[in-house]
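Here are my notes on the model, as numbered points. Please read them with the structure open.

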Number of protein chains: 2
Amino acid sequence: MDNERIISPIAYIRTDFPDKFGVPRQSGRVDSLAGEIVFLPEYSAPEAFRGIEEFSHLWLIFDFSLAHREGFSPTVRPPRLGGNTRVGVFASRSPFRPNSIGLSSVKLDGVEFRDGVAVLRVKGADLVDNTPIYDVKPYIPYSDSHPDALGSYSDIHADYSLDVVFPDDLLDIIPESKRRALTDTLSDDPRPSYQEDAEREYVMSFAGFDIGFRVKNKTLTVTSVKKL
Amino acid sequence: MDNERIISPIAYIRTDFPDKFGVPRQSGRVDSLAGEIVFLPEYSAPEAFRGIEEFSHLWLIFDFSLAHREGFSPTVRPPRLGGNTRVGVFASRSPFRPNSIGLSSVKLDGVEFRDGVAVLRVKGADLVDNTPIYDVKPYIPYSDSHPDALGSYSDIHADYSLDVVFPDDLLDIIPESKRRALTDTLSDDPRPSYQEDAEREYVMSFAGFDIGFRVKNKTLTVTSVKKL
């Protein structure tokens, strides 16, 4: 087809989410989530990053690598609408779209060069571990920030969160540096949709642990922690 | 290479810029600029746009179609830094990047369906006419808007603009509906960089007219208007 383009990863992101379950639904929901963008050697020249630390935020353009599908479905069911209401794919950030390209803003935490490989440390990434990254761009507040923009259903659910009960004996199993990010992720409600089944146990993988939990009303209770 | 992807246009944008010269350097600089995103018939199902009008802003992911280059240059010279200072490509929004993918936010002005083709009317697009569009996503203020983000050199130049002198006899040649967008574009300083040559005449094509102008200090004076 005319104007087809081949795009290739410039980097891969390392995060604490080995699979999709639990990944926050939008970037910036869980600022405490640390990630590392590891560049391919051919894009790791230090000059390519000159000045990047003067920006506080970055855009990531990435592959929804776990959402490749043949064919085009014009509607999707956003989890934040309970999973039963259909909206147009172009009125959603769903990964199931004609070109499965994702867009997320993250905070830049630092730049490092390790054995000839550039690494950007970031916060707030809503990406699965090893997601291919096609581009990194600086966030330009005067053109990218529209605090008064109308966000439809996303506005309604912007403040939604769960209370998290995490028993001390289970929390102790988690390395201290990961605890805040994990509890913040849980409070963002990792369930596939607002399912109301207080008996159901969910299991989310995070940072090398399987975290079991139940949700009743607006309270999430951690029931098990297993090292993988 | 691993994880290469083929992406195909879902739409093309129609704007008043037949070529790169004059296109505002960031989206949203010139809100008055009207554009139309014309979808391919296979992506024009009305359901695909259900709910989109409840969002005020959209992201466009597009091809920098006039900036394809072989090879990777790690630094670029942003016009807003005078064209002589080099910054890393990942610290810039330059079109010359490993994957020549652009990102712009625009205001959504309306949705129409014409002979089976979906058309989104937008404002503030900094794109050349007929640019291929790979994705349209809603702008989600709670995750996309960071008004306090630090924008490095982009902050310094956010308020930069020229005074525009547009003689009445020349302005009268331009259709009234295009005048505001044209003068706003000129005040954004369309010169390739901050060249200081008061004698030089520049010519910018806009909405079917060639606009000649000179710039002295911070004043741009229109010297000719020719219908193409």
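1. Helices (H or I, at least four residues) and strands (E, at least two) are DSSP runs, numbered from the N terminus. By that count, chain A holds four helices and 13 strands.

2. This is a predicted model: local features need pLDDT of at least 70, side-chain atom pairs count only at pLDDT 80 or more, and totals for chains, interfaces and linings use all residues. Residues are numbered from 1 along each chain as its sequence is written, while chains are lettered from A and ligands numbered from 1 in the order in which they are written.

3. Overall size. The C-alpha trace of chain A spans about 50 × 40 × 35 Å along its principal axes. Its radius of gyration, taken over C-alpha atoms, is 19 Å; this agrees with a compact globule of 228 residues, for which the value would be near 17 Å (the rule is 2.2 Å times the number of residues to the power 0.38).

4. Burial. Of the 228 residues in chain A, 45% are buried. A residue is buried if 20 or more other C-beta atoms, placed from the backbone, lie within 10 Å of its own; it is exposed if 12 or fewer do, and partly exposed in between.

5. Contacts. Two residues are in contact if their C-beta atoms, placed from the backbone, lie within 7 Å. Take the contacts in chain A between residues at least 6 apart in sequence: 70% join residues at least 24 apart.

6. Domains. Chain A is assigned domain 1 (11-65 + 100-145) and domain 2 (159-227). The bounds come from an automatic or database domain assignment. The domain centres, over C-alpha atoms, are 25 Å apart. In chain A, 12 residues of domain 1 contact 11 residues of domain 2.

7. Which strands pair with β13(A) (residues 219-227)? Strand β10 (residues 163-165) of chain A runs parallel to β13(A), joined by three bridges. Here Val165(A) faces Thr221(A). Strand β12 (residues 209-216) of chain A pairs with β13(A) in the antiparallel sense, over eight bridges. Gly212(A) has Ser224(A) as its bridge partner. Pairing requires at least two DSSP bridges between the strands.

8. The β12(A)–β13(A) hairpin has two residues between its strands, and Asn217(A) takes a positive phi near 50 degrees.

9. Symmetry. Chain A superposes on chain B by a rotation of 180 degrees, with 0.0 Å of shift along the axis and RMSD 0.0 Å. The two copies are therefore related as by a two-fold rotation axis.

Terms used. Least-squares fit on C-alpha atoms with pLDDT ≥ 70 in both.
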